[in-house]
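Trainee: I have a model open and would like to talk it through with you. Could we start with the metal sites and then turn to the interface?

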Amino acid sequence: MGVKTGISAAKQQLISCHDCHALWPVEEAPGHCARCGSRLHLRKPAAMTRTWALLLTSAFLLLPANLLPIMQITSLGRGEPATIIGGILELTQHGLYGIAFIVFLASLLIPIGKLCGLLIMLFTLQMGWTTNMQQKMLMFRMVHWIGRWSMLDIFVVAVLVSLVQMGNLAQISGQQGTTAFAGVVICTMLAANTFDTRLIWDRYPDESS
Amino acid sequence: MPTTHPDYRHLIACNECDLLLHRPVIRISQTARCPRCQSVLISARANSIERSLALACAGLILILPANLYPLLTLELLGQSRSETIFSSAMALFQDGLWGVSLLVLLFTILVPICKLCLLFWVSLGLQMRWSLPGLSFALRSYLHLDEWGMLEVYLVGVLVSVVKLAAMASLEPGPGLFCLAALILVTTLSSSMLDKDLFWARIEALQEPDQDGR
Ligand SMILES: [Zn+2]
Ligand SMILES: [Zn+2]
């Protein structure tokens, strides 16, 4: 049929469905996949613009997420706000290094690592850096997979707030920092979803040619 | 008319780098990867449809007690308080954090329930060879919802809270916690047992006769 393996499908006028991976001739493009009903397009629409927008949003939200308190802890009538970093420091002061490390990983290292990882992918695409592609793909898959774990701190706040409701004796209430932090998590997850790694490979030199 | 293009059935394009390849022939429990970017092309799983149906049923049964029974009970100076997944979302709502509370509700209750229902519907249709309405839509939605179900993250959140509170109060695990752990085992197994390629091929095979009829 004149179709060659070993080069990209798009270069041979073939679209692979984003959802079920069925192959279609490119003429089907503004329609829907007959197998799964998903919209057909060669590459995810406006991938780079959307990823940049979501990435910048989450970078901005990272500030209030870390500066605003995520909860207010009141014990014996004395209340004090707690931030994410404050919570981690308090765990280390009590010698709970393992748990402190898990929370540090989920609420600081993973969101920042995700932002950096996505930035690397975006620059790779814009500058046409096609070196170390296998490592970059591995990193992108990690970023994609690990993103959901950043919700950990939000869930911890939810559990603490619902358990510790003892009036003046001890009371924990949720604060606006959680909204910003949840925003960071959602935006980075969406950013990883809107990015299309195929765009990078489109600029990769074909081995066969 | 068959649903996928017959000229291209022996081919497969890599999902992540768009490399066009001959569809590899693999045996059960083998995984074929793209030679250029190492992403998974297809992975065959033994009795994928049967097992998905069984796991979806188990999950639908477990999700009830996991949500209805308390996960943890805290006791402090004669007062005690229990929490379920729903009550923790509501506690945030009462503090005026309606956005976060909605997200907790979505990621830990609604998405897991939807995922199990969708998986049940798809695997039931394929197992019984019934051309149920919306099979392809259900599978597509299931795959898109997959990463937004966060039960295991919630469970780790409960464990972190236990460590944080252990110094100030006594905590009792409730029956809900064990059901939640079992439910996570079931959902994790079900996503590793799902052979997407096989599911799509079987959905296609079911669609063919009624396309002829039209
Ligand atoms: Zn499709
Ligand atoms: Zn590839």
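Predicted model: local features only at pLDDT ≥ 70, side-chain atom pairs only at ≥ 80, totals over all residues.

Trainee: Thanks. Which arrangement do the 4 donor atoms around the zinc ion (ligand 2) have?

Mentor: The protein donors here are the SG atoms of B:Cys14, B:Cys17, B:Cys34 and B:Cys37, lying 2.2 to 2.4 Å from the ion. Around the zinc ion (ligand 2) these 4 donor atoms subtend angles of 101 to 113°, so the arrangement is tetrahedral.

Trainee: What spacing do the donors of this zinc ion (ligand 2) follow along the chain?

Mentor: Take B:Cys17 and B:Cys34, which are 17 residues apart and link distant parts of the chain. B:Cys17 sits in the loop between strand 1 and strand 2 of chain B, and B:Cys34 in the loop between strand 3 and strand 4 of chain B. Written out for the donors of the zinc ion (ligand 2), the spacing is C-x2-C-x16-C-x2-C.

Trainee: On to the interface. Which residue of chain B forms a salt bridge with A:Arg141?

Mentor: Side chains of opposite charge can pair when their charged atoms come close. The count between chain A and chain B is 5 salt bridges. For A:Arg141, the closest N and O atoms are 2.9 Å apart, and the partner is B:Glu16.

Trainee: Where does the salt-bridge partner of A:Asp19, B:Arg140, lie?

Mentor: The side chains of A:Asp19 and B:Arg140 meet at 3.5 Å, N to O. A:Asp19 lies in the loop between strand 1 and strand 2 of chain A, so the pair joins two chains, with B:Arg140 in helix 4 of chain B.

Trainee: Finally, which element gives the largest share of the side of chain A that touches chain B?

Mentor: In total, 71 residues of chain A are in contact with 66 residues of chain B, and the area buried between the chains is about 6,200 Å². There are 22 residue pairs in polar contact across this interface. The elements giving two or more residues on the chain A side include helix 3, helix 4 and helix 6. The largest share, 11 residues, comes from helix 5 of chain A.

Methods
Residues numbered from 1 in each chain as written. Chains lettered and ligands numbered in written order. Heavy atoms only, no water. Contact = heavy atoms within 4.5 Å. Buried area = accessible area lost by both parts, 1.4 Å probe. Salt bridge = Lys/Arg side-chain N within 4 Å of Asp/Glu carboxyl O. Polar contact = N/O pair within 3.5 Å; in protein donor to acceptor, adjacent residues only side chain to side chain. Helix = DSSP H or I, 4+ residues; strand = E, 2+ residues; numbered from the N terminus. Donors = N, O, S within 2.8 Å, 3.2 Å for Na, K, Ca; no water. Tetrahedral: all angles 85-135°; square planar, octahedral: opposite > 155°, others 65-115°.
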